[in-house]
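Student: I'd like to learn how to read helix packing and salt bridges in a model. Could we go through one together?
Tutor: Gladly, let's open it up.

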Amino acid sequence: MATNLFERYEGGERAVLVQLAIDDSETSDDPREFEELVRSAGGNPVALVTGHRRTPKAKYFVGEGKLDEIRATKDLHEAELVVFNHPLTPSQERNLERELKCRVIARTGLILDIFAQRARTHEGKLQVELAQLKHMSTRLIRGWTHLERQKGGIGLRGPGETQLETDRRLLRARIRTIEARLDKVRSQRAQSRRSRQRAEIPLVSLVGYTNAGKSTLFNQFTQATVYAADQLFATLDPTVRRVDIDYLGPVMLADTVGFIADLPHMLVEAFKATLEETLNATLLLHVIDVAAEQRDYLEAEVESVLQDIGAADIPQLLVYNKVDLLDQPPRILRDGNGVPLAVYLSARDGLGMELLAEALRERLQENIFAGDVQVTPSDARLRASLYEAGAVQKEVFADDGGSILTIRLPQKDWQRLQHKH
């Protein structure tokens, strides 16, 4: 059934959205997220076509009757684009474009387009291009059906291979080049990470469903200026900032790309370098939109992606954001032992930031010893070892020849030095 749900506005390609309820499908049933994806890509959603199928049809994904309905809706609104909230095979895309006389893209192509617009750093652009090329390589034949066989004649005599084969070869070469560059980026990132680890600075990585408010929280907590907007995939490139937390010391905070349901596997692979900040975190801050209608579903989707990338076992602190929308006060939720499990706050209004710092301090101090230690002249070897480990932040000398050291080092190293000396 076609419905005209969306207000029309100037700018962007007019798009008809198609979302069917498919039996056994895991795709989100919320059409508003689908609409927001299209808007994030710069499209103008003018109508939504819905329906139900047991299984997709091999030729058009939809049945003949639904195809007629989509065509009529497209003609009525003079749409230039039809977007399916489902994966389509290359042949289904070609068949639909031939019947509808307009461009047809699937959910994967839509997300790739958004990623291409949002990537800002050289690394982000490389990762997007890699994902696009892998996607394109399965659909290359669409633009070259007239050249499937090499023809003779001026300008068409090739080096013993068809134009299609040439393009596939060039694509493969470009993919190899980008993968080599990304390997270099990963090695540089690993070197930077080793420097942090030598300094024993904990890495806290923000994760969460797209548009949950991660970048707004990041900006509030670090006073940085990371791009934050009320749109999907506002952040694609990882940003890492140092934050000093009272009575704990320095912490590295990383903002990462938002997760989404049915994220194409090629994107998970292509963005593995970006997600490395998540994989190597000491603690994950799982940011959740507390006011979202499908909160439990979105939370489960993030956990699923964390499982896919191998980050499911990293300790988490839940951050329930946007409490201002529910008129709830900021607070910390603790377990039976008093350990912080979740923080309720409003990143936009800056409410509860001190509670987040408190929870981080308590969770991270489990692994860090920070405090004052009194040493006597007979503890000279312990004092020297602490200096050698770079753990001494301040030293105040006493009249008796001893001193008070303000130290900060991993709990395991402190226990080892105490046992040794």
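Student: Which residues of α7 are buried?
Tutor: Keep in mind that this is a predicted model. In α7, the buried residues are K214, S215, L217, F218, N219, F221 and T222. Seven of the nine residues are buried, so α7 is largely enclosed by the rest of the structure. Its cover includes the strands β6, β7, β8, β9 and β10, along with helix α11.

Student: At what angle do α7 and α11 pack?
Tutor: The angle is about 85°, and the axes are 11 Å apart. Angles of 65 to 115 degrees count as roughly perpendicular, and α7 and α11 are therefore roughly perpendicular to each other. On the α7 side, L217, Q220 and F221 make the contact, while α11 contributes M353, L356, A357 and L360. Six residues of this contact are nonpolar, one is polar and none is charged.

Student: What about the salt bridges: how many does the whole structure have?
Tutor: The general idea is that side chains of opposite charge can pair when their charged atoms come close. A search here finds 15 salt bridges. One of them joins R103 and E13 at 2.8 Å, N to O. R103 sits in strand β5 and E13 in the loop between β1 and β2, 90 residues apart.

Methods. Residues numbered from 1 in each chain as written. Predicted model: local features only at pLDDT ≥ 70, side-chain atom pairs only at ≥ 80, totals over all residues. Heavy atoms only, no water. Axes fitted to C-alpha atoms, helices over the stretch in contact; angles between N-to-C directions. Helix = DSSP H or I, 4+ residues; strand = E, 2+ residues; numbered from the N terminus. Parallel < 35°, antiparallel > 145°, perpendicular 65-115°, else oblique. Contact = heavy atoms within 4.5 Å. Nonpolar A, V, L, I, M, F, W, Y, C, P; charged D, E, K, R; others polar. Buried < 20%, exposed > 50% of the residue type's maximum accessible area, 1.4 Å probe, protein only. Salt bridge = Lys/Arg side-chain N within 4 Å of Asp/Glu carboxyl O.
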